[in-house]
Amino acid sequence: MKPAPFVHHSPRTLDEAVSVLGEVGHDGKVLAGGQSLIPVLNMRLAQPAHLVDINRVAGLDTVTVSGTSVRVGATVRHAQLEKDDEAYAVLPLLRQALRNVAHPAIRNRGTTVGSIAHADAAGEMPSVAVLTEAVIEAVGPRGRREIPSAEFFEGPLQTVLEADELVEAVRFGRLAPGTRTTFVESARRHGDYALAGLGLAVDVEGEGADAVVRGARASYVSVTDIPVVVDLTEAVAGQPVPSPDWSAVEDLVQAAIAPEADIHASSDYRRALAAELTRRALTSLTTESTGGAA
């Protein structure tokens, strides 16, 4: 399959890209990494008349670490962010999640911001965005606006972005000092879309036999229509780290999600798998002597 005919635009500045989008509106699509968009075009599930290729726009390929966030530009590749040691030092969850994204060849070309803008609930990075309370920086003919990730996703492959807007960057929020994080998923083959998965952030107080869990939050992959955060605190708060009882966690997770069945797994199986993965992730994090974000 090949895409339907389109006009390719290659702006050199952000203002030029915004101007083109303003002219073409709903007939345009933004191209960055293209690892999600191009297959959709090839299968003719979408047939935009214009592609606005932002790969030559200067300044969109940087990762910036500040005291409150990790800012990722629109053309930063997954592999670039995965290998960024400064970003990993303050927000390990980024690398933990990115290692689960598809295959190395995809990560070398695909963009983290593009994955979030694509809004596929089976993708890892949208779930990281909501777990870290990320802010999406959008720009369009009417100017710039900042959109909290909790308000960004409207449905499968749907966001609040206007047709003439693009995402300039995403700011992932840094977690509280001492927070332990992990990202786990289950797939038929590594790199395939996950049957279920989650990002997890856990707050543990104390060390050794005196350590207790104070709270936990999780965001899920492939079991919700849009990425959401499930607060697990009521089920884990006060649990002793040496011998926790996670049964209440499994019940809470299964009640909070409503996955759809498909040819790969039933709804009940995905729900049970998500709960089991949560239990395993909690066990892994609470039995580590160190871990998580600074």
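## Ground rules

This is a predicted model, where local features need pLDDT of at least 70, side-chain atom pairs count only at pLDDT 80 or more, and totals for chains, interfaces and linings use all residues. Residues are numbered from 1 along each chain as its sequence is written, and side-chain values use heavy atoms, leaving out hydrogens and water.

## The two pockets

A pocket here is an open set of points on a 1 Å grid over the protein atoms alone, where a 1.4 Å probe fits, with protein on both sides within 12 Å along at least five of seven lines; lining residues have an atom within 4 Å of a point. Points are joined across faces, edges and corners, and the volume is the space filled by probe spheres set on them.

The largest pocket has 50 lining residues, with Ser-36, Leu-37, Gly-114, Ala-117 and His-118 nearest its centre. Helix α7 (112-118) gives the most to that lining, with five residues. Among the other elements that supply at least two residues each are β2 (28-31) and β10 (166-173). Helices (H or I, at least four residues) and strands (E, at least two) are DSSP runs, numbered from the N terminus. By class, the lining splits into 25 nonpolar, 19 polar and six charged residues. Nonpolar covers Ala, Val, Leu, Ile, Met, Phe, Trp, Tyr, Cys and Pro; charged is Asp, Glu, Lys and Arg; the others, Gly among them, are polar.

The second largest pocket holds about 510 Å³. Its lining has 22 residues, and Asp-120, Ala-122, Ser-222, Asp-262 and Arg-270 lie nearest the centre. This lining divides into 12 nonpolar, three polar and seven charged residues.

## Strand β13 and its partners

Strand β13 (residues 212-221) is mostly covered, with seven of its 10 residues buried (buried is under 20% relative accessible area, exposed over 50%, partly exposed in between, using a 1.4 Å probe and protein chains only). Nine bridges pair β13 with β12 (residues 196-205) in the antiparallel sense; two strands pair if DSSP finds at least two bridges between them. Val-202 stands opposite Ala-216 in β13. The two strands make a hairpin with six residues between them, and Gly-206 in the turn has a positive phi of about 90°.

β13 also runs antiparallel to β14 (residues 229-231), joined by three bridges. There, Ser-219 has Val-229 as its bridge partner.

## Salt bridges

The whole structure has 18 salt bridges, each being a side-chain nitrogen of Lys or Arg within 4 Å of a carboxyl oxygen of Asp or Glu. Glu-82 and Arg-107 form one at 3.2 Å, N to O. Glu-82 sits in helix α3 (residues 78-82) and Arg-107 in α6 (residues 104-109), so this pair ties together parts 25 residues apart in sequence. Both ends are covered: Glu-82 is buried at 14%, and Arg-107 is buried at 10%.

Glu-133 is in the loop between α8 (124-131) and β6 (135-140), so the pair ties together parts 84 residues apart in sequence. Arg-217 is partly exposed at 26%, whereas Glu-133 is exposed at 57%.

Within helix α12 (residues 267-286), Glu-276 and Arg-279 are three residues apart, about one helical turn, and their side chains meet at 2.6 Å, N to O. There's a network as well: salt bridges link Arg-71, Glu-137, Arg-144, Glu-146, Glu-168 and Arg-171.
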